[in-house]
Amino acid sequence: MQLPWLRPLWLTLRNDLAQQRLSHAHCIAWQPELGSDRLIQQFVRLLLCQQPQQQACGRCKSCLLAAAGSHPDYYALDSVDDKAIGVDVIRELTSQLQHTANQFGGKVVWINQADRMTVTAANALLKTLEEPTADTYFILSPRRVSSLLPTLRSRMQIHVISPPELSILQQWLAQHLQRHPSAVELQLLQQHPQAPVQVLRWIENNDFPADRVTVLATAWFGQQRWPDLDRGDWSSWLDASEQLLGDLLRIQQGLPVEQLRQPSLLAMAKPWLKQQQISASQFSEWLKSCYATRKMATEQSGLNGALLVQSLWARWR
Ligand SMILES: [Zn+2]
């Protein structure tokens with residue numbers, strides 16, 4: 001496992017399997033920015049392998065089929081275009097699980113964005129989790145673990161991937177780049193500690209994101225034009241909105257500059273905060289509506305995330 005913060009979980013899963021005490025259902029939050037998908041893919045391969053050692057052997061028939069994407073005992077479900085995963089899909093899955101013989105030993109099901117399952121779909125899956133077919137492993141990866149039905153959660157082993165400390169991230173980045181990261185690169189890491197994989201991609205592609213927090217702060221403080229949003233882009237603007245509000249709250253509370261996600265904000269924000277007299281509870285309220293907006297936009301399909309984010313900004317002005 002190349003990503004050091006995923007190693008503890010990987011070792012747990014691997015050891016549990018080796019000692020034949022692995023639970024049959026696992027919940028690992030969908031956090032591709034932290035590399036959760038790489039961990040899950042590696043775990044799926046391990047479960048399918050006929051002669052696993054420290055990891056999947058890569059040579060057995062089962063490994064070759066998995067690598068070719070045509071393993072008959074592997075079932076991958078996902079939400080398409082952010083649409084809900086309906087009960088029909090789950091019923092088809094459970095019927096396939098019951099009626100097809102495993103060809104190589106275990107069967108593996110990975111339901112990505114599992115929180116997009118409708119309640120009926122989740123209940124249909126619950127039945128299968130309660131009475132699983134032999135040697136069947138389930139991996140559910142929801143955006144937010146808390147948004148899965150409690151009954152479903154109670155049937156699974158929940159794994160949490162915690163973002164690593166900044167010093168570990170810096171070390172990892174230097175190792176990966178085989179040089180000292182630049183000041184700009186380090187600042188990116190500091191601003192996105194929850195998304196190191198994403199940061200690495202930006203650096204490798206030399207495609208640095210526009211600094212959305214500064215763009216927002218400039219629009220707000222300077223009463224300038226607010227950004228236009230694409231439909232697909234709202235999530236990162238919502239991130240930036242949360243980051244900005246969080247930092248403004250920290251500045252207002254007089255926390256030291258090291259505790260800011262974006263230290264460069266301080267000089268701009270201080271005089272503005274003094275002039276505006278916005279209360280801490282007001283900032284907290286706005287933050288809460290950001291969280292609520294994210295929940296709503298990810299849980300309900302067909303909503304226009306860009307419009308929702310813009311209506312948040314309208315309340316700040
Ligand atoms: Zn193998």
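**Exercise 1.** How are α7 and α8 oriented to each other: roughly parallel, roughly antiparallel, roughly perpendicular or oblique?

*Solution.* The model is a predicted one. Begin with the geometry: helix α7 spans residues 166–177 and helix α8 spans residues 183–191, and their axes come within 10 Å and cross at roughly 140°. Finally, the handedness of the crossing of α7 and α8 is right-handed.

**Exercise 2.** Identify the residues through which α7 meets α8, and sort them by class.

*Solution.* On the α7 side, the residues are Leu166, Leu169, Gln170 and Leu173. On the α8 side, they are Glu185, Leu186, Leu189 and Gln190. Sorted by class, the residues of this contact comprise five nonpolar, two polar and one charged.

**Exercise 3.** Determine which residues of α10 are buried and how they are arranged around the helix axis.

*Solution.* Helix α10 covers residues 212–221, and in this helix Val213, Leu216, Ala217 and Trp220 are buried. These residues cover an arc of only 100° around the axis, so they lie on the same side of α10. The partners of the buried residues of α10 are α11 (234–252), α12 (265–276) and α14 (305–316). After α10 comes Gln223, with a positive phi near 50°.

**Exercise 4.** Describe the packing of α11 and α14, from the angle to the residues in contact.

*Solution.* The axes of α11 and α14 are 9 Å apart, and the helices pack at an angle of about 25°. Since angles under 35 degrees count as roughly parallel, α11 and α14 are therefore roughly parallel to each other. The crossing in which α11 passes α14 is left-handed. From α11, Trp234, Ser235, Trp237, Leu238 and Ser241 take part, and they meet Gly305, Ala306, Val309 and Leu312 of α14. This contact of α11 with α14 has six nonpolar and three polar residues, with no charged residues.

Conventions: Residues are numbered from 1 along each chain as its sequence is written. This is a predicted model: local features need pLDDT of at least 70, side-chain atom pairs count only at pLDDT 80 or more; totals for chains, interfaces and linings use all residues. Axes are lines fitted to C-alpha atoms, for helices over the stretch in contact, and angles run from 0 to 180 degrees between N-to-C directions. Helices (H or I, at least four residues) and strands (E, at least two) are DSSP runs, numbered from the N terminus. A crossing is left-handed if the near helix is turned anticlockwise from the far one by less than a right angle, and right-handed if clockwise. Two residues are in contact if their C-beta atoms, placed from the backbone, lie within 7 Å. Ala, Val, Leu, Ile, Met, Phe, Trp, Tyr, Cys and Pro count as nonpolar, Asp, Glu, Lys and Arg as charged, and the others, Gly among them, as polar. A residue is buried if 20 or more other C-beta atoms lie within 10 Å of its own, exposed if 12 or fewer, and partly exposed in between; C-beta atoms are placed from the backbone. The arc is that of the directions from the helix axis to the C-beta atoms. Angles under 35 degrees count as roughly parallel, over 145 as roughly antiparallel, 65 to 115 as roughly perpendicular and the rest as oblique.
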